[in-house]
Amino acid sequence: EHYSEKLEAQRDQGCRIEGGFRVNKVIGNFHIAPGRSFSNGMMHVHDLNNYLDPSQGSHTFTHTIHHLRFGPQLPDDVTKRVGDKTLGWTNHHLNPLDNTDQRTDDAAFNYMYFLKVVSTSYYPLGWKSPISSADQGDSSDLVSIGQHGLGQDGSLETHQYSVTSHKRSLRGGSDSQEGHKERLHASGGIPGVFFSYVSIWSNKFRAGT
């Protein structure tokens, strides 16, 4: 009831997305894009008619990434000591996309983040390996999203990642506004924010070492 009125009242508002979901190991991608998605042959496409219609209001993919992580968050006592040369990572390798802010006035704009994800095992000093998950059976589907790898004994199986990014107008042309007039972008594509990730190796360390 009164759905159309509610939709019209919210037409000029942005949105806030918060949550968690499971992703494939090794390689994969996920994205935020406008319009209903569907498959056309072997292609994943979005219906952009309403989004790009000027009469429907003006929206862009200006966005702020407040927090993005793969797996449980590192313990507070570890994050406070990041940058210490005795640790296996530095502070810019924790969640480098946290508090990322991107702004544009162009509705037809595309942001891409390329992530290299590293599996990381954190073991307290004196930790001993329990019975393997292979002996216990696979119970990963029973674990809450974002908590898989969080051990009651203080151990932690999580991930770090590094990131590079690319942004362009879907209208194509030079990148002179970003100070790279020699760089030319192709036209076409889907407006939105895209994340492409690949898992590369594992990193293990014990507290106190």
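The model is predicted; local features need pLDDT of at least 70, side-chain atom pairs count only at pLDDT 80 or more, and totals for chains, interfaces and linings use all residues. Residues are numbered from 1 along each chain as its sequence is written, and side-chain values use heavy atoms, with hydrogens and water left out.

Start with the backbone. V26 is not a glycine, yet its phi is positive, about 75°. V26 sits in the loop between α1 (3-9) and β1 (27-32). Helices (H or I, at least four residues) and strands (E, at least two) are DSSP runs, numbered from the N terminus. V26 is exposed, at 54% relative accessible area. The cut-offs are under 20% for buried, over 50% for exposed and partly exposed in between, with a 1.4 Å probe and protein chains only.

N99 has a positive phi too, near 65°, and is a residue other than glycine. The loop between α3 (76-79) and β5 (100-102) holds N99. N99 is exposed, with a relative accessible area of 61%.

Now step into strand β5, where T100 lies. T100 counts as buried because its relative accessibility is 16%. Leaving aside neighbours within four places in sequence, T100 is in contact (heavy atoms within 4.5 Å) with H63, T64, I65 and Y113.

A nonpolar core is a set of buried Ala, Val, Leu, Ile, Met, Phe, Trp, Tyr and Cys residues joined through side-chain atoms within 4.5 Å. The largest one has 16 residues, and L68, F70, L97, Y113, L115, Y161 and F195 touch the most other members. Two or more residues come from each of β6 (109-123) and β10 (192-206). β6 gives the largest share, 5 residues. Take L97: not counting residues up to four places away in sequence, L97 touches I65, L68, Y113, L115, Y161, V163 and F195.

The structure holds 1 cavity of 30 Å³ or more. Here a cavity is a set of points, on a 1 Å grid over the protein atoms alone, where a 1.4 Å probe fits but cannot get out; lining residues have an atom within 4 Å of a point. Grid points are joined across faces, edges and corners, and a volume is the space filled by probe spheres set on the points. The largest cavity contains about 70 Å³. Its lining includes F70, L94 and H159.

Note on methods:
1 Å grid on protein atoms, 1.4 Å probe; cavity = no way out; pocket = protein on both sides within 12 Å on 5 of 7 lines; lining within 4 Å.
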